[in-house]
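Take a walk through this structure with the sequence at hand.

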Amino acid sequence: MATCSPNTDRTDEINDPGAAPFGNFINYYTFNPPENRLNLIPATLLRDLDYNGDTTLILDVGCNSGELSTAFYKHLVPDCEEQSDDSKVYLLGFDLDEILIQRAQQTNSLPSSISFITMDIIKDTEQLQHYLDQHGCSSFHLCLCLAVTMWIHLNHGDSGLLQLLSRLATFSQHLLLEAQPWKCYRSAARRLRKLGRSDFDHFKTLNIRGDIAEHAREHLENHCGMELIQSFGSTSWDRKLLLFKRR
Ligand SMILES: C[S@@+](CC[C@H](N)C(=O)[O-])C[C@H]1O[C@@H](n2cnc3c(N)ncnc32)[C@H](O)[C@@H]1O
């Protein structure tokens, strides 16, 4: 088990940002700015998916300090200041790291449309159901799961990764997925070892390896009732942005 909790001793992260064992980097957007992903996503995405009338709900899984969540929202809803209450786009971002969530809440420039909560998706999803109920919806219209799969996979094993994908599929109509490729797993494990930490619990015993995006697609399509409808290409970090839709 990785030895440090995301919320306690953060000295290692400051010295080496690669030491955040859940991907909970305190300065993530200084080395992966929102534009790296946004440049690949059409600003018309919500309209393209026919979400242009009623309330639309977006979920951002593992939102870190919220910079990408807010930039994503403004990218998709450029006229966000002028939305009427009956046709509004809302975004809920969550992360297991409460310090990152506090920062996201403090810097939130659109608090009537964007909310941030602390939640570990492996432990419970009650707050998601509560949010859906509040908005009178049965699922999120668009779920973003960007650069999160590897951290859940390394910390919770193959079953954790599959559980994550299955949960997201039950909660969303569309899922935008950026899965880290296998080479990132090796780098993450190497960085942890360099710091003298014990290895990720599951790294050596993972059976799901190699083309992770393909494994995710296979699980979503064969076990979760979703289908891949679009690939937006690859980021400068060589990660595919894949869009799935519930069948
Ligand atoms: C590398 S960051 C990516 C942040 C953001 N999604 C992006 O792409 O810009 C991964 C985030 O996932 C969060 N995370 C990891 N495991 C999680 C879990 N089980 N539940 C919620 N968040 C998690 C981490 O705390 C971290 O902030």
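Asparagine 64 sits in the loop between β1 (56–61) and α5 (67–76). Helices here are DSSP runs of H or I with at least four residues, strands are runs of E with at least two, and both are numbered from the N terminus. This is a predicted model, in which local features need pLDDT of at least 70, side-chain atom pairs count only at pLDDT 80 or more, and totals for chains, interfaces and linings use all residues. Residues are numbered from 1 along each chain as its sequence is written.

The backbone of asparagine 64 deserves a look. Its phi is near 55°, a positive value in a residue other than glycine. Asparagine 64 counts as buried because it has 27 C-beta neighbours inside 10 Å. The cut-offs are these: buried means 20 or more other C-beta atoms within 10 Å of the residue's own, exposed means 12 or fewer, and partly exposed lies in between, with C-beta atoms placed from the backbone.

Which residues are closest to the ligand? They are Gly23, Asn24, Gly62, Asn64 and Leu146, and 20 residues surround the ligand in total. A residue is near a molecule or strand if its C-beta atom, placed from the backbone, lies within 6 Å of it. By class, the shell holds 13 nonpolar, 4 polar and 3 charged residues. Nonpolar covers Ala, Val, Leu, Ile, Met, Phe, Trp, Tyr, Cys and Pro; charged covers Asp, Glu, Lys and Arg; the others, Gly among them, are polar.

Next comes alanine 147, in the loop between β4 (140–146) and α8. Alanine 147 has a positive phi of about 55° although it is not a glycine. With 21 C-beta neighbours inside 10 Å, alanine 147 is buried.

Step back into strand β4 and find leucine 144. Leucine 144 is buried too, since it has 27 C-beta neighbours inside 10 Å. Serine 69 is 75 residues away from leucine 144 along the chain, yet their C-alpha atoms are separated by 8.9 Å.

Now turn to alanine 20, in the loop between α1 (11–15) and α2 (28–31). Its 25 C-beta neighbours inside 10 Å make alanine 20 buried.

Finish with a helix pair. Helix α8 (residues 149–171) packs against helix α10 (residues 212–223) at an angle of about 30°, with axes 9 Å apart. Axes are lines fitted to C-alpha atoms, for helices over the stretch in contact, and angles run from 0 to 180 degrees between N-to-C directions. The two helices, α8 and α10, are therefore roughly parallel. Angles under 35 degrees count as roughly parallel, over 145 as roughly antiparallel, 65 to 115 as roughly perpendicular and the rest as oblique. On the α8 side, the contact uses Thr149, Leu162, Leu165, Ser166 and Ala169; on the α10 side, Ile212, Ala216, His219, Leu220 and His223. This contact of α8 with α10 has 6 nonpolar, 4 polar and no charged residues.

Key:
Contact = placed C-beta atoms within 7 Å.
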